[in-house]
Amino acid sequence: MMLRNAAGRRAVATAATAVSLALALAACSGTTKDSKDTGGGEKAAGSATADPNAPLKKGLKIAFLPKQINNPYEKIVDEAGIAAAKEYGGTGKEVGPSDANASSQVSYINTLIQQRQDAILVAANDPNAVCGPLKQAMKKDIKVVAYDSDTAKDCRQLFINQASSEEIGRSLVQHLGEQIGYKGKVAILSATQNATNQNTWIEFMKEELKLPEYKGMELVKVAYGDDADQKSFQQTQGLMQAYPDLKGIISPTTVGIAAAARYLSDSSYKGKVVLNGLGTPNQMRKYVKDGTVEQFSLWNPEELGYLGSYAAAALASGQITGAEGEKFKAGKLGEYTIGKDGEVILGEPTVFDAKNIDQFNF
């Protein structure tokens, strides 16, 4: 599956909304940042009125709050979103914690509220820990967009999803199954235990593994590397010590898959244990070329940040409220349609292997 052009992407973005996750709306138009809502996010969204012909406001201030500030993948996402803000006459910035603990983002949200940002884009470490301050932001008419990893459904107006969560989870199992001949013990190396996106994908992985064709495969453990390189490396080492006959590992996190590949590449398990998951081409190129990894997947993180930035601008400009069926234009990516409960899907992930990896640079 390759990254599509704008026309193809628009078609998939519209169609994919029918199978999106249950997430929610929250907005209140016609207020100032100093006025108050009459209720919670969902109630406010219902009273908002969209003006699809409204121009994007100039001078919008948007802030990206990633899971952690030193995550290479999220740096790509956020920098693309900040660059997009310049296209529509706004300014963007990235702020965030150096760790991915559940509550580590709360103080940053409070600061962004005090700074009177027009929109906050957050990749949540925990779906609920950030809810209190995000609801306060929405009461002050600061728009909230979740991206990459969602918040609880009533804590934001939109969720910019990389791809269908079901497609991501099931496809990773399908790819691994093909690689190991549908036989053997397998493990999952995740990020944090509370990461919304990771847990959603893992649930779909488990559902896929229940199908008859996987009866010869056994999921023996879900390990957590907390999106920290060294911990993910150690967790991989621990998996191999505990299960020396392990046949495959799925790591649906860019930090985790790179750390696992680094361990396997210098071990006796290289070429014997199949590693699949989500990674960036630049990060994984050497492991594909040295035979440690045959294939892995990802969407274009630059496009994810770009789409999130334009979605936040459309919200802040009153073009959309987050209601299902509303449409907005995301610059060079074209038009997108909001799906059920405020979800906007970027498109299908790309599978990278030795044949195509050199065609990508991110």
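Strand β1 (residues 61–65) pairs with β2 in the parallel sense, over 4 bridges. Strands count as paired when DSSP finds at least two bridges between them. Helices (H or I, at least four residues) and strands (E, at least two) are DSSP runs, numbered from the N terminus. Ala63 has Lys93 of β2 as its bridge partner.

This is a predicted model: local features need pLDDT of at least 70, side-chain atom pairs count only at pLDDT 80 or more, and totals for chains, interfaces and linings use all residues. Residues are numbered from 1 along each chain as its sequence is written, and side-chain values use heavy atoms, leaving out hydrogens and water.

The open sheet has 6 strands, in the order β2-β1-β3-β4-β5-β13, with parallel pairing. Its edge strands, β2 (91–94) and β13 (343–345), each pair on one side only.

Now the aromatic rings. The whole structure holds 12 aromatic pairs. Rings of Phe, Tyr and Trp (its six-membered ring) pair if their centres lie within 6.5 Å; planes under 30 degrees apart are stacked, over 60 edge-to-face, and the rest tilted. Two of the pairs are shown here.

| Pair | Centre to centre | Angle between planes | Kind |
|---|---|---|---|
| Tyr306 and Tyr310 | 5.0 Å | 35 degrees | tilted |
| Phe352 and Phe360 | 4.9 Å | 90 degrees | edge-to-face |

Tyr306 and Tyr310 lie 4 residues apart in helix α11 (residues 301–316), about one turn of the helix. Tyr306 is buried at 5% relative accessibility. Buried means under 20% relative accessible area, exposed over 50%, partly exposed in between (1.4 Å probe, protein chains only). Tyr310 is also buried, at 8%. Phe352 and Phe360 are buried too. Ring pairs link Phe296, Phe352, Phe360 and Phe362 into a cluster.
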